[in-house]
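Please consult the sequence and the structure shown below.

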Amino acid sequence: MITKYTSDIFDVLRRGQFICSNSPDEHIQTLYKVLEDSDTFEDLYEYFNQINYILEQGNEYFYFSRNERNVDLDRKLEKAFGWIDMIDFFKTFDSSFDVGYRFSPSDVINQLKNNADLKSKLDNFKKLSDDKKNYSDRVKKIIEKLEKDNFITLENEITESYKVLTSFNYLKDLISIINIPEEIENEIPE
Amino acid sequence: MDTFNDIKELVFALNRESKLISEMFSKRKSIDYKFSDALELVDYDENRIDFLIQKSVIRENGDTLELDDLFLEFFEQVLDVNEEINLSYIDENIKNIKENIDYFLNESNENRKYGYLRFIKKTFKKIGLITLRSVVDLRRNIDNTFKNESNYKNKQLKLENLDEKRTVIKNLIIQTLKIINEDEVTFFNRALDEELNRIIIDIKHQLGECSHNLIEIEKQIIDYLNQIKIHGKFLEKLRKLKYLKDHFLIEAETDVKQIISNNNSVIFEPRTSEPLNLSIDFLREDEKVFDVIEKIAKNHNARKVFKAELADSISDEFLENSIEEEIMINYEEIKNSFLATSDNLFNFILSYDFSKTVEFNERVTIFCQVISLYEQDLDIKNNFQTSNGIEYAIVTAR
């Protein structure tokens, strides 16, 4: 028991979620403030380390990782590739899609009408296009997926407004560290 | 060109059409102002618009109207909303000052000297104001461009251009200060004017403020440009990765496998629920728990349990073997026994021992059946006999 929030922090992070500085959830914000204190962070780091969880700090977010591999590589790759598809989709939707960006599913659906590129990308989502759903259902499905992974969150239920959380930086960092060798890079058409 | 005769007339004309002019000014960026829209604002009096066109306050451009550049610029400058930063003014003013300083130094007539001095003072004042205003405009433009320009390439280009303007302003400030501090020392020594000194102090103060602002602006621009650059790089990287992924090259050509395999974030782990058993002590000791249990138990009772209706077990009686005997008439045997005798069939059957009582009528039926079954073994004669009131044919073995 290091702070009275220790178990709350553990509960959130253990589920693979992030604690983000710009979360609209006040509880998460409180947790972020607790972790922001570097002394508390170090204490909690040690504390969780004993039960094999590594408390990690990213750009405006916290998350858990582990020492040993618990998941096979294929599953992880599949997940990462899914993210690449999704970021690509949303960046096509709006290139300024980034931390703090706000949007609603209807914004995306409207864009589909005049952005053929976006539409074809939506069609290419393999698992979604299997069942013959309409576009709005599919878009909602993608948004739900991203929300489940805790990169965006529903900010306003009435207007269906979503907000991109700071955990989006995790995805950006992940993509930045993937290295494409120069000779391959030159072969990719513009 | 027809112009206004004096300020009074100009102000009066502008005042009369203030509705139209203010509307046109506020919409100057957004829409082409239609002649028909304008007509509404001048109470449908075309002459009033014609008058403004005549005096070059507005210009007619096909079907649309626009404010004359001269007036537009004037309004923008006075209202401090100009988006273009025009630096040629400052440059022009510096030149003017230099020229007038020369005139001043060459002139011996006190009156004319005073005229030049007055112009120089006025121009210095102007430089201070314009520079300050340009800096403010620059800052606002940079912010606007960064936040509102949607096209990334244009955003970058615009910011770069604004950055150039910043350099120009910086150079102009340096030039102005150079005139004051180095180039025209003789003039300042000779002029000996109290007001000029005050103006120079003011302008130095203003220019100093501008310089500080420019440093801040420079920082801001560099930051914005970097953000755009990083963002552009990220998009480029993303596009390439997506390309490789879609062509199934990503695993072979990049180090994604290694990076992902080293990444042991919990987010990759499937979410498992952890079923924990309740603590018995807790169940036993906590009072609230009892309430909860009662509640749940109630719910549990409320649910109807549908028992499957079972049939009774089959009684043993039904399972016991019971034998029922029935004597059947074996036609084959009757026929065979008959073939061994020389009797006629009717008599034979009538006296045949069936090991049960068989009525006469039945025996007659059996007689008919045997005949029909074994016709080929029997010889049906043409003579008849009567017995018990029944006439029958004589049948013997063949």
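Within strand E3(A), A:Tyr63 is the bridge partner of A:Glu56. The model is a predicted one. Strand E2 of chain A, residues 54–58, pairs with E3(A) in the antiparallel sense over five bridges.

**Pairing within the sheet**

- A:Leu55 stands opposite A:Phe64 of E3(A).
- E2(A) and E3(A) form a hairpin in which two residues lie between the strands; in that turn, A:Glu60 has a positive phi of about 70°.
- Strand E1 of chain A, residues 19–20, is joined to E3(A) by two bridges, and these strands run antiparallel.
- A:Tyr61 in E3(A) is the bridge partner of A:Cys20.

- The three strands make an open sheet of chain A in the order E1-E3-E2, with antiparallel pairing.
- E1 and E2 of chain A are at the edges and have a single partner strand each, so one side of each lacks a neighbour in the sheet.
- In a regular strand, side chains alternate between the two faces of the sheet.

- Strand E3 of chain A, residues 61–65, is mostly covered, as four of its five residues are buried.
- Helix H1(A) lies across E1 and E3 of chain A and runs at about 70° to E3(A).
- Which residues of H9(A) are buried? They are A:Phe168, A:Asn169, A:Tyr170 and A:Ile175.
- The cover over the buried residues of H9(A) includes E2, E3 and strand E6 (161–164) of chain A, together with helix H10 (194–246) of chain B.

**Contact between chains A and B**

- The contact takes 35 residues from chain A and 25 residues from chain B.
- On the side of chain A that touches chain B, at least two residues each are supplied by helix H1 (6–14), E3, helix H4 (73–93), helix H9 (168–177) and helix H10 (182–187) of chain A.
- H4(A) gives the largest share of that side of chain A, namely ten residues.
- By class, the side of chain A that touches chain B comprises 17 nonpolar, seven polar and eleven charged residues.

Key: Residues numbered from 1 in each chain as written. Chains lettered and ligands numbered in written order. Predicted model: local features only at pLDDT ≥ 70, side-chain atom pairs only at ≥ 80, totals over all residues. Buried ≥ 20, exposed ≤ 12 C-beta atoms within 10 Å, placed from the backbone. Pairing = 2+ DSSP bridges. Contact = placed C-beta atoms within 7 Å. Nonpolar A, V, L, I, M, F, W, Y, C, P; charged D, E, K, R; others polar. Axes fitted to C-alpha atoms, helices over the stretch in contact; angles between N-to-C directions.
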